[in-house]
Amino acid sequence: MQNIFISHTSALNFYRNARANNILVIVNNKGNNILGANIYTPEVNKWTLPLVNINVNNKTTHTYDVMKNTIPYLHEDEKIDLLISRYTNQNKTTRVKYHLNRETLPPWSFIKVTKGIYVVCPELLFCQLAEILSLEQLFVLGMELCGSYTMQNGEITSFLSPVSQLTTVNRINKYIYKIEKTHKHMRGISKARYIAKYLENGSASPQETKLFIMLTAPRKIGGYGLKNIKLNYPIKLSADSINILGYSKIRPDLSNPKTKLAIEYDSTMYHENENQNKKDKLRLDVFHNEGWTLISFVPALMKTRSSFHTLALKILKTNQQNTRITISDFTSRQMHLWKELKTNI
């Protein structure tokens, strides 16, 4: 059997299942662990056909150390996306969707899963799905790939350690730069390049991602253009604040260290336990002591446009930005953004 290259939606499902079960390890050529935990090998169903080999050499694959088989990620009723370099008589089945690629891809475009089976790297996956997803949905996907959580069927399935993010904003931008040299007419690549400029590493939940996009997305697509925002950025505390909280650092959901603006999504749904509410009150005092402005969002504010808009303008002012929005149809663009953020990928 010739090499098989899993791509597009099937590659996304592969990564989500592996991360959700905390069983994915990717090792680079130097043997350094990039993603933590155990090892994952996907099961290949009998209907997977021999395929034409795409241009891959020893320099274009990660080293993937497979130690044991685990839960298969493919289901009998699931169509699989595969990447091929040319069509042959073998490429005839309703169980497989083929994606043709005749161009040479950049180095590190594939991850070797097991003998003869490869999956596109997260950076190539982002570029591939740019053709399929809307601008707003691609933003959400990029944040997930660079974040420490994973989704399935619109539901969060796992919270992961920060080191387990599949890729970084820097790696996505570098890959786009490389692939544009050989794939100038790749569908969706301009959309991928545009969105990659606004991505940020370190989102810890889908609600953080949603709030980040609603505030930081450019105004022409319905966001407020909030600048220089970090996710879960560690703030070192003074001795007095350490005595209050009992630990030396605090990580607000969104923040700008330069303007000392901190934004938090206030919900026990994505926190470890109900005692978090009591800690939140102490956190407010600590932020004040440290000279920071803390602004909290409750779930209801993210559903009502008028309330959200009022608080968003306060955030812009605190962040030392112009609060005047000159786009005439901004409200309709904002409503479109919010609608797209509710769509499952």
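In this predicted model, helix α6 (residues 206-216) packs with helix α10 (residues 330-341) at an angle of about 165°, and their axes lie 11 Å apart. Because angles over 145 degrees count as roughly antiparallel, α6 is described as roughly antiparallel to α10. The crossing in which α6 passes α10 is right-handed. On the α6 side the contact is made by Lys 210, Ile 213 and Met 214, which meet Leu 337, Trp 338 and Leu 341 of α10. Sorted by class, the residues of this contact are 5 nonpolar and 1 charged, with no polar residue.

How many of the 11 residues of helix α6 are buried? The count is 11 of the 11, so the helix is largely enclosed by the rest of the structure. Its buried residues include Lys 210, Ile 213 and Met 214, and also Glu 208 and Phe 212.

Side chains of opposite charge can pair when their charged atoms come close. A search of the whole structure finds 6 salt bridges, and one of them joins Glu 131 to Arg 187, with the closest N and O atoms 3.7 Å apart. This pair links distant parts of the chain, since Glu 131 sits in the loop between α2 and α3 while Arg 187 sits in the loop between α4 (169-182) and α5 (189-196), 56 residues apart. Glu 131 is partly exposed, with a relative accessible area of 41%, whereas Arg 187, at 63%, counts as exposed.

Another salt bridge is formed by Arg 193 and Glu 180, whose closest N and O atoms are 2.8 Å apart. Arg 193 belongs to helix α5 and Glu 180 to helix α4, so the pair ties together parts that are 13 residues apart in sequence. Arg 333 also forms a salt bridge, with Asp 329, at 2.9 Å between the closest N and O atoms. Arg 333 is partly exposed at a relative accessible area of 29%, and Asp 329 is partly exposed at 31%.

How values were computed
Residues numbered from 1 in each chain as written. Predicted model: local features only at pLDDT ≥ 70, side-chain atom pairs only at ≥ 80, totals over all residues. Heavy atoms only, no water. Buried < 20%, exposed > 50% of the residue type's maximum accessible area, 1.4 Å probe, protein only. Helix = DSSP H or I, 4+ residues; strand = E, 2+ residues; numbered from the N terminus. Axes fitted to C-alpha atoms, helices over the stretch in contact; angles between N-to-C directions. Parallel < 35°, antiparallel > 145°, perpendicular 65-115°, else oblique. Left-handed = near helix turned anticlockwise from the far one by under 90°. Contact = heavy atoms within 4.5 Å. Nonpolar A, V, L, I, M, F, W, Y, C, P; charged D, E, K, R; others polar. Salt bridge = Lys/Arg side-chain N within 4 Å of Asp/Glu carboxyl O.
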